[in-house]
Amino acid sequence: MMHSTYKPGPEDFAPANVKGHSEQISRPSLSYWQDSWIRLKKNTRAIISLYIIIALAFFTLAGPYLWQVDPSLQDLNQISQPPSWPKTAILVGNYDRFDHVVIDDFPAEPEEYIEDIPPPENIRTFETATTQHVRLVWDPVEGAGGYNIYRNQRLPEGINDLGLPLGSTLAGNEVSYEDRLNLESRAYFYSIVSTDGFDESYQYKTIEVTPKLSITFDEAIDRGLIEADEERQLNSEIELEFHPFGTDYLGRDMLARLMEGARVSLFIGICAPLLFVLFGIIYGGLAGYTGGKIDEVMMRFADFVVALPFLLFMILFKIAFGIGPGESGIIPMLIALVLLSWPASARLVRGQVLQIREQGYIEAARLLGAKNNYIIIRHIIPNTMGVILVTLTFAVPVAIFTEAFLSFIGMGVAPPTPSWGSMSNEGVKTMLSHPHELIFPAAFISITVLAFNLLGDGLTEALDSRMRSRE
């Protein structure tokens with residue numbers, strides 16, 4: 001073995017001269033919330049959901065100021081219209097009574113009964129057909145004691161497929177009819193069948209009529225489309241209101257009602273969770289921090305509240321507030337949600353507090369003389385904020401869906417006050433013929449609930465401090 005005789009001197013322990021050759025590697029110091037936000041931004045679904053929630057808030061708060069249409073204004077000329085581009089209508093005079101056409105030199109009763117009476121010929125419109133009225137005239141038929149008038153939305157395929165029976169004339173020489181029943185600007189097929197006063201003929205004639213969209217002077221003035229002193233010619237075109245989401249069964253603008261309904265639905269869906277989650281935080285935090293018998297008694301009471309039937313208490317609250325059938329029960333619904341929905345958040349916060357209070361830094365704070373108020377404000381609450389935010393984001397869609405369900409069955413918001421649930425209830429009645437009345441409110445409910453759920457999932461992952469060690 002060789003032994004070195006070299007003895008290190010002071011110069012061997014001098015600092016190395018690395019000026020200009022050093023590379024500083026450092027990681028920026030991030031707070032808990034900064035790190036959580038970075039991880040949340042990596043979750044594409046959560047960020048998209050957050051943007052959707054921001055858009056819904058803008059739709060609810062700023063929408064009515066941008067789309068200034070009265071949600072209660074009824075346009076009976078545009079009932080259950082699907083989404084469409086702006087429309088123009090012709091201006092017509094106010095309604096005047098129709099004097100039916102009666103041929104004086106033609107017998108009102110048949111002189112002899114014919115086995116199969118021929119159908120009327122030369123069926124035509126008396127004047128321009130509009131959505132105000134359709135007036136038909138035809139030539140009289142020998143042997144006819146009257147005429148039955150039918151209306152269909154498609155060409156009839158036989159005598160049993162004539163469509164809706166509109167009415168009849170009571171004499172063979174009365175050869176006109178006026179239709180004013182829920183007319184739209186679409187093709188109608190009018191069929192006229194001769195009768196002998198008792199039985200119908202097996203023959204008929206059909207005419208296709210497409211009424212022009214129209215509006216009267218008085219309606220145009222009432223709706224602010226023209227000024228009262230403005231001179232306009234009959235049959236001149238006038239621009240009608242634009243309904244991008246269509247209209248409902250009373251001709252009310254769907255977009256305006258969705259905005260108004262969003263205020264009701266989101267008011268309940270956000271205010272109720274804020275109140276019962278706040279109460280659950282206080283209740284669960286107190287139970288978990290106190291512990292012992294107090295904790296046991298408080299949590300048994302929470303178990304008792306969980307067992308209470310929500311729908312029964314909703315009915316009792318409506319009775320207590322004097323709200324009868326057909327009236328909106330927004331306040332009873334809000335109270336029922338607050339009083340019966342807090343145990344879930346109380347349990348989560350209690351479990352979190354039980355875990356935090358056993359941590360070493362809590363014990364160290366006590367040994368340094370920290371009082372309970374300081375420990376709760378400085379240590380307990382900040383470390384439970386993650387659970388609180390996640391609980392709140394999951395509570396909001398539950399409250400929105402509860403409001404929609406109660407309004408759908410007639411226990412919550414009642415017409416004419418709009419909410420997404422009550423609008424869905426109204427839309428179910430016409431879903432086969434006018435599906436847009438159900439699709440739009442149901443879509444808003446689904447999108448809102450899904451957005452809050454996905455955001456809650458993203459917050460769960462982002463606020464989990466254990467995720468930091470995995471990255």
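Before I start, residues are numbered from 1 along each chain as its sequence is written, and side-chain values use heavy atoms, with hydrogens and water left out. Since we are looking at a prediction, local features need pLDDT of at least 70 and side-chain atom pairs count only at pLDDT 80 or more, while totals for chains, interfaces and linings use all residues.

Let me begin with the strands. Helices (H or I, at least four residues) and strands (E, at least two) are DSSP runs, numbered from the N terminus, and two strands pair if DSSP finds at least two bridges between them.

Strand β7, residues 188-195, is joined to β8 by seven bridges, and V193 stands opposite Y204 in β8.

Now please find strand β3, residues 134-137, which pairs in the antiparallel sense with β6 (176-179) over four bridges, and also with β2 (124-125) over two bridges. L136 stands opposite Y177 in β6, whereas R124 has V137 in β3 as its bridge partner. Are the faces of β3 covered or uncovered? Both are covered, with V134 and L136 on one side and R135 and V137 on the other all buried, where buried means under 20% relative accessible area, exposed over 50%, and partly exposed in between, using a 1.4 Å probe and protein chains only.

Next comes H243, in the loop between β10 (237-239) and α5 (254-290). H243 is buried, with a relative accessible area of 7%. Leaving aside neighbours within four places in sequence, H243 is in contact (heavy atoms within 4.5 Å) with D75, Q78, P83, S84 and D253.

Finally, let us turn to M431, which sits in the loop between α12 (420-428) and α13 (436-462). M431 is partly exposed, at 39% relative accessible area. The helices α7 (310-320) and α11 (372-408) each supply at least two residues of a nonpolar patch, and α7 gives the most, with five residues.
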